[in-house]
Amino acid sequence: MTTIKLHNTKTRKREVFTPIDDQNVRMYVCGPTVYDRAHLGNARPVIVFDVLNRLLRHVYGEDHVTYVRNFTDVDDKINARAAESGRTIGEITDETTQWFLDDMAAVGALEPDHMPRATAYIPQMVEMIEGLIAKSHAYAAEGHVLFAVESYKKYGALSGRSIDDMIAGARVEVAPYKRNPMDFVLWKPSDVATPGWDSPWGRGRPGWHIECSAMAYELLGAHFDIHGGGNDLMFPHHENEIAQSCCAHPESEFANVWMHNEMLQVEGKKMSKSLGNFFTVRDLLDQGVPGEVIRFVMLSTHYRKPMDWTEKKREEAEKTLEKWYFRLAEAGYSSDMVKMLIAENRWKPAEEVISALRDDLNTHGAITALRKLTSVGTAVSISEFAASLDFLNLVGDWDQLALKAGIGVTSVGDNESNSVIANALLNRQQAKKSKNFQEADRIREMLEDAGVKVIDGAGGTSSFELGSDFEPAKLDALK
Ligand code: AMP
Ligand code: ZN
């Protein structure tokens, strides 16, 4: 079995990853609170853990990984957004959940196996809270239920702080019903205007942390392999998840490996609305930045390092990808061929790429390996290169490869026609290269018959122009 090494926040070491059950490797990643568009920083954990999901599936098998990422759809920020906009909470969370899914698909992330919404797991949360009270790890007071941090000796171990340090360093809410200022909320009362569920402590709603403990237990069990999220979640969110889950299920250890991505900045500064450098994934997509360019920039920095989004990096990523697409297009990778090779399982990502990823998800190393493969330029290296790009999902749409490679287009038709024409031009280039001029002429004649003017440029490249007599239906003969 191929070894994967991962840096574990819990032990502060890079360790060999050994799944609890290699037939079902289980991962939980904290997802978004749904009240607005995802900002660019939110895409970082999604892309990082998407690559890990792909790597785990590559090593343990497509059907031997369970990946869960939640949606927080009960939260005071959502309530505030509903109050200020006059819309219902359901409308806001439904709409922003779909936005998130669309935007993350655009940056090439596969959907996790389960995407639980917190509000669908309230009974499980209530049950877990009851269990914690029964074991004296939690207490009810004034309609609230609080977790008693002093009841859990290891509280603070993940982030390496003592309770006293935490009190000194954190903005803790001091409240008369708390026994210790660090005690955190498991359940709180709701007034009539706020969403609430009946519970043994009156009508109320859960605190944020309990949702992840309850959903992870329900979908992955008491003990699972990997838990991830941004490092802003390490304290208090993850510390609290550990306390709740380990006290509710003292026989198990919750997650074996904790992984945290560093934060994203923009041009060297924290992304913030007041600095005017705050933007969403959708803003970039709408400006015409392709999803795979965003993904490439994200992957060019290791997840444990702060990542700086800069205009220069975006430009460089765009140029590199264009060069790579040209390489694939030039080697004749039409979409049909790619699909066939993948379907027949004849395509394997390059070992250099996989081994970089096995080393604590060294995506920067994987990109360096890709650069080397293109410079070798043999047929084998190019097919491994293509398979690796597919594995990392850095191509986006294979049907548009030739177009994206800048195999010139001077006037643009609909996407389907464009890709048929571009593939036909590539086939014509290949035919010319192998001195099959009859085939090259045949393709040209068929294109011209459909009203597509073929323009030959320097160095064997060609572009096309759609004439006023263009008839897309006639392209069928070229499919
Ligand atoms: P939130 O909706 O704020 O709870 O965040 C959802 C996910 O995005 C969490 O895993 C956060 O850690 C992560 N995240 C938020 N801001 C950033 C950032 N600037 N850079 C990287 N990750 C972030
Ligand atoms: Zn969480």
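Let's start at ligand 1: helix α1 gives four residues to the shell around this ligand, the largest share. Keep in mind as you look that this is a predicted model.

Who else stands around the ligand? There are 17 residues around ligand 1, and those that come nearest are G41, N42, G230, D232 and L264.

Now zoom in on some individual atoms. The side chain of N42 has an N or O atom 3.1 Å from an oxygen atom of ligand 1. At T33 the backbone takes part instead: one of its N or O atoms lies 3.3 Å from an oxygen atom of the ligand. For a nitrogen atom of ligand 1, turn to N261, which has a polar side-chain atom 3.4 Å away. On its own, ligand 1 has 500 Å² of accessible area, and the protein covers 83% of it. Two elements give two or more residues each to the shell, namely α1 (40-60) and β9 (223-230).

Next, step back and take in the whole chain.

On the domain 1 side, L40, R44 and V51 supply 29% of the area buried against domain 2, more than any other three residues.

Finally, let's visit two spots where the backbone deserves a second look. Most residues other than glycine have a negative phi, and most peptide bonds are trans. Against that background, find the peptide bond from F235 to P236, which is cis, with omega near 5°. P236 itself sits in helix α7 (residues 234-248). The other spot is D360, which is not a glycine and yet has a positive phi of about 50°. To find D360, look in the loop between α12 (351-358) and α13 (363-376).

Note on methods:
Residues are numbered from 1 along each chain as its sequence is written. Chains are lettered from A and ligands numbered from 1 in the order in which they are written. This is a predicted model: local features need pLDDT of at least 70, side-chain atom pairs count only at pLDDT 80 or more; totals for chains, interfaces and linings use all residues. Side-chain values use heavy atoms; hydrogens and water are left out. A residue is near a molecule or strand if one of its heavy atoms lies within 4 Å of it. A polar contact is a pair of N or O atoms within 3.5 Å; within protein, one must be able to donate a hydrogen and the other to accept it, and residues adjacent in sequence count only if both atoms are side-chain atoms. Accessible areas come from the Shrake-Rupley method with a 1.4 Å probe; for residues, only the protein chains shown count as cover. Buried area is the accessible area (1.4 Å probe) that two parts lose on being put together, summed over both.
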